[in-house]
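I opened the structure to look up a few things and wrote down what I found. The entries follow in the order I made them.

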Amino acid sequence: MTEVNVQEAQKYEDINELMRVRREKMATIEGKGIEPFARKYDVTHHADDIITNFEALEGQNVKLAGRIMAVRGHGKTSFVNVMDMSGRIQVYFRQDVIGEAQYENFKLLDIGDIVGIEGTVFRTQRGEISVKIASFEILAKSLRPLPEKWHGLKDVETRYRQRYLDLIVNPEVRNTFITRSKIIKSLRRLLDERNYLEVETPMMHPIAGGAAARPFTTHHNALDMDLYLRIAPELYLKRLIVGGFERVYEIGRVFRNEGISIRHNPEFTIVELYQAYADYQDLMRLTEEVVSGVAQEVLGTTQVIYQGQELDFAPPWNRITMPEAVKKYANVDFDAVTTVEEAREIADRLGVKYENKHGIGGILNNIFEDKVEEHLIQPTFIIGHPTEISPLAKRNKDNPDITDRFEVFAFGRELANGFSELNDPIDQEGRFSAQVAQRESGDVEAHMMDHDYVNALEYGLPPTGGLGIGIDRLVMFLTDSYSIRDVLLFPHMRHKE
């Protein structure tokens, strides 16, 4: 047995012994007629309330509940750190206050136990705001010890698999998810103020559409039909614009059967919105306003430090076309490229991969992704996307080979995507047909034909601007989180061997 295996075996042996002791304590508690897993406790205050409002609460009776995180005993007196959702506070136990019987019960408590505390607020001689116990109740006996002697959980694999432990022992993680909630709440408020209507559309689609991605497949037994977990809500939301709604948005999960990395998770959260009688320029301004507004409201500033780099989300953001960006960072002028053969020669010279299906626009996009994205540090709009890679976007009036589309990049990562929506049903059907041909040639991410959506367009989709923002990536930027798994409560993981 290797040294590592010996250490692991010893660790599990130690844990099993600690669990045995805790179960013995639980049996003792039950023998005293006390329930080790209570039913209810009436909380009047939280730790942060008491600390923030100490002057008003000094000498007052309070009731709080939380998890024991540290115990320091001195004979017939003890100090205990109790943590609730708002933070930690010190609790002072004295035998002559709670009585000998209760103090003996206190000795049966362990780190990790959840307790209800009633007592008076005071400040110790050392100046620490505390609660002097009058009585306490055991609310939940912790039968497993906290990891690494409760001094913090550092192993990333364990943190993601057992997020509940991560939240217990790493307060900064809890703060990340509190901030995430505030970001989504702020986003909703900003859109509601602009008269957008929040809606819900199906999670299971008969046709996978709205993005270039490989879907997850499921089966509906009663209807005996295959369905796809949605890769985007786009086509349903635009149906609502056809139906007469003028501003709609949806915040929700989408599912894409792709790899897992620091930037990708098979299910993630986005906001998609659509505005009738608007174009991509209007949605670019809205993107700036919403993202900077969320940052200002949640953090109090539009300037954030992300992985040591200062990013400024204050408008206006940089704007550059895709060919201009490729020329600037890859030193290639794609505006001068007229044949696929020329584009392939350039890609070969740069060491960028492409497939036979790729035209000039597809190869340009591959070069952009491979050679340019990493240089886009400050929030930047990329515009002038080839029509070839934008099957749902409206063609540019002056150049039909490109579309009225934009993507937002920051720190080399895509944050948002939007465009003037294609509302010509004939053009849309033709582009769907081209996508179907790509699927038949082996491209599993190409769009399927959606006759009902084309049918909806034939009734008339007004000029419309659409936008999608990746919520998880926005949270990453505003919480300085390196990996997308740091902002997902329960990220997908491989089976543990």
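I took a contact to mean heavy atoms within 4.5 Å. With that, I looked at contacts in the protein chain with a separation of 6 or more, and residues 24 or more positions apart account for 64% of them.

Ground rules. I noted that this is a predicted model, in which local features need pLDDT of at least 70 and side-chain atom pairs count only at pLDDT 80 or more, while totals for chains, interfaces and linings use all residues. Residues are numbered from 1 along each chain as its sequence is written, and side-chain values use heavy atoms, with hydrogens and water left out.

Whole chain. I counted helices (H or I, at least four residues) and strands (E, at least two) as DSSP runs, numbered from the N terminus. The protein chain has 16 helices and 18 strands. Its C-alpha trace spans about 90 × 60 × 55 Å along the principal axes. I called a residue buried under 20% relative accessible area, exposed over 50%, and partly exposed in between (1.4 Å probe, protein chains only). Of the 497 residues in the protein chain, 49% are buried.

The sheet. Two strands pair if DSSP finds at least two bridges between them. I found an open sheet of 8 strands with mixed pairing, in the order 6-10-11-18-17-16-15-14. Its edge strands, strand 6 (197-198) and strand 14 (318-321), each pair on one side only. I then followed strand 11 (residues 267-276), which pairs with strand 18 (residues 464-470) in the antiparallel sense over 7 bridges. Tyrosine 274 stands opposite glycine 466 in strand 18.

Helix 15. Which residues of helix 15 are buried? In this helix (residues 451-459) I listed Tyr453, Val454, Ala456 and Leu457. Seen down the helix axis, the buried residues fall within an arc of 155° (taken over the directions from the axis to the C-beta atoms), so they line one face of helix 15. They pack against helix 9 and helix 14 (425-440). The face turned away from the buried side carries the exposed residues His451, Glu458 and Tyr459. At the start of helix 15, a side-chain oxygen of aspartate 450 comes within 3.3 Å of the backbone nitrogen of aspartate 452. After helix 15 comes glycine 460, with a positive phi near 110°.

Histidine 45. I found histidine 45 in the loop between helix 1 (3-31) and helix 2 (47-52). Its side chain is joined to that of threonine 44 by a polar contact of 2.8 Å. A polar contact is a pair of N or O atoms within 3.5 Å; within protein, one must be able to donate a hydrogen and the other to accept it, and residues adjacent in sequence count only if both atoms are side-chain atoms. Leaving out residues up to four places away in sequence, histidine 45 touches Ile50, Leu57, Val62, Lys63 and Leu64.

Backbone angles. Most residues other than glycine have a negative phi, and most peptide bonds are trans. I looked for departures from this. Tyrosine 277 is not a glycine, yet has a positive phi of about 65°. Tyrosine 277 is in the loop between strand 11 and helix 10 (280-299), and counts as exposed at 58% relative accessibility. Asparagine 331 also has a positive phi, near 60°. Asparagine 331 is in the loop between helix 11 (322-330) and helix 12 (340-350), and is exposed at 68% relative accessibility. The peptide bond from proline 315 to proline 316 is cis, with omega near 0°. I placed proline 316 in the loop between strand 13 (309-312) and strand 14.
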